[in-house]
Amino acid sequence: MVDGPVSTPVAATSDDSVRDALDRLSRKINAENYERMRWARDEAPKLVRLVELVKGAVADRTDVEINEEGGEGNTKRFVVKVHGQRVAGLGVALDKGRAIAAIGPIERSAYTVAQGEPIHARYEDVDEAWMGQTIARLVERIGS
């Protein structure tokens, strides 16, 4: 039995409303820690999935490698190697619910990369087919 006045019954709430209320409380108590934990909970798994998709796009190739070289925040960097030669740099990122992929030149490469706009899509639309098509379009920019 609870001490105090009897309250009115509360209707069942959805998981979203509980999550949203707890997010607001967490942010109110410590905005910096909240953002770090929110990113780890919501964004980090998406970035991990993008990395898996990049690596999966060339998994059946022995002549082409895409090796992760690091990153920070919402970005991962890769080096595209063909026959063991460093050819280009590939980057994938998350930004405001969108997946972004771009390619550019790197040091110690004899190959050029034509300028072009990054390719992006809503994260929900990203899958193996999207990543394969995106990498195909990006590597077409590599020249000798």
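Start by selecting α3, which gives the most to the lining of the largest pocket: five residues. Keep in mind as you click around that this is a predicted model.

Colour them by class and you'll get eleven nonpolar residues, one polar and no charged ones. The space they line has a volume of about 220 Å³.

Setting aside neighbours within four places in sequence, Ile 66 is in contact with Val 54, Lys 55, Val 58, Phe 78, Val 79, Val 80, Leu 90 and Ile 135. Which residues touch the most other members of the largest nonpolar core? Ile 66 is there again, together with Leu 50 and Val 54, in a core of 27 residues. Elements giving two or more residues to this core include α2 (31–57), β3 (85–95) and β6 (119–122).

Last, jump to Tyr 111, in the loop between β4 (98–104) and β5 (112–113). Is Tyr 111 buried or partly exposed? It counts as partly exposed, because its relative accessibility is 28%. Show the side chain of Gln 85 too: the Tyr 111 side chain makes a polar contact with it at 3.5 Å. Beyond four places in sequence, the contacts of Tyr 111 also include Arg 86, Val 87 and Ile 142.

Key: Residues numbered from 1 in each chain as written. Predicted model: local features only at pLDDT ≥ 70, side-chain atom pairs only at ≥ 80, totals over all residues. Heavy atoms only, no water. Helix = DSSP H or I, 4+ residues; strand = E, 2+ residues; numbered from the N terminus. Buried < 20%, exposed > 50% of the residue type's maximum accessible area, 1.4 Å probe, protein only. Contact = heavy atoms within 4.5 Å. Polar contact = N/O pair within 3.5 Å; in protein donor to acceptor, adjacent residues only side chain to side chain. Core = buried A, V, L, I, M, F, W, Y, C linked by side-chain atoms within 4.5 Å. 1 Å grid on protein atoms, 1.4 Å probe; cavity = no way out; pocket = protein on both sides within 12 Å on 5 of 7 lines; lining within 4 Å. Points joined across faces, edges and corners; volume = space filled by probe spheres on them. Nonpolar A, V, L, I, M, F, W, Y, C, P; charged D, E, K, R; others polar.
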